[in-house]
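I opened this entry to record what I looked up in the structure shown below.

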Amino acid sequence: MKKKSFYDQIMDENDNDPIVLYGENGAALTFEQIAVIPDGEHIYVLLCPVDPIPGVGADEGLVFELCRERGEDVLHLVVEDAIIDRVFAEYDTLLRENSDQEE
């Protein structure tokens, strides 16, 4: 069976498997997917590291932008505070909406 790409994993709301990304040095980094946040022409992905990453708290989420480069899907870590704040604000809104629907 062919292994799913991280793009297919991210877009499949029923896929709860960890997402494995590879750093520039080739080291595997494992993440739990928290949310996909579309924002205009951009798609942001909120991921939480499964294994410790220096400088990242155990319960901190990281924001990545899903991009297409040279025909390949790639994730870029977002470092711009304004984008990070906007993604987390949208995530909080989605959580509130879901909790309101469950009541």
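I looked up F6 and found that, leaving out residues up to four places away in sequence, F6 touches I19, L21, L66, D73, V74 and L75; contact here means heavy atoms within 4.5 Å. I note that the model is predicted, that local features need pLDDT of at least 70 and side-chain atom pairs pLDDT 80 or more, whereas totals for chains, interfaces and linings use all residues. Residues are numbered from 1 along each chain as its sequence is written, and side-chain values use heavy atoms, with hydrogens and water left out.

I next looked up the largest nonpolar core, which has 12 residues, F6, I19, L21, L66 and L75 among them. A nonpolar core is a set of buried Ala, Val, Leu, Ile, Met, Phe, Trp, Tyr and Cys residues joined through side-chain atoms within 4.5 Å. Buried means under 20% relative accessible area, exposed over 50%, and partly exposed in between (1.4 Å probe, protein chains only). Two or more residues of this core come from each of α1 (6-11), β1 (19-22), β3 (42-49) and β4 (62-69). I took helices (H or I, at least four residues) and strands (E, at least two) as DSSP runs, numbered from the N terminus. The most is given by β4, with three residues. A second, separate core of 10 residues includes A35, Y44, V63 and Y91. In soluble globular proteins, nonpolar side chains tend to be buried together.

**Pockets**

I searched on a 1 Å grid over the protein atoms alone; a pocket is an open set of points where a 1.4 Å probe fits, with protein on both sides within 12 Å along at least five of seven lines, and lining residues have an atom within 4 Å of a point. Grid points are joined across faces, edges and corners, and a volume is the space filled by probe spheres set on the points.

The largest pocket holds about 450 Å³ of space. Its lining numbers 19 residues, with L21, Y22, G23, F64 and L75 nearest the centre. By class I recorded 12 nonpolar, four polar and three charged residues in this lining. Ala, Val, Leu, Ile, Met, Phe, Trp, Tyr, Cys and Pro count as nonpolar, Asp, Glu, Lys and Arg as charged, and the others, Gly among them, as polar.

For the second largest pocket I noted a volume of about 210 Å³. Of its 13 lining residues, I10, D12, E13, D15 and Q33 are the closest to the centre. Both α1 and β2 give two or more residues to this lining, and β2 gives the most, with four. This lining has five nonpolar, three polar and five charged residues.

**Salt bridges**

How many salt bridges does a search of the whole structure find? I found two, a salt bridge being a side-chain nitrogen of Lys or Arg within 4 Å of a carboxyl oxygen of Asp or Glu.

In one, D39 pairs with R86, the closest N and O atoms being 2.8 Å apart. D39 lies in strand β2 and R86 in helix α2 (residues 81-102), so the pair ties together parts 47 residues apart in sequence. D39 is partly exposed at 25% relative accessibility, and R86 is partly exposed at 39%.

R68 forms a salt bridge with D73, with the closest N and O atoms 3.0 Å apart. R68 is exposed at 55% relative accessibility, whereas D73 is partly exposed at 24%.
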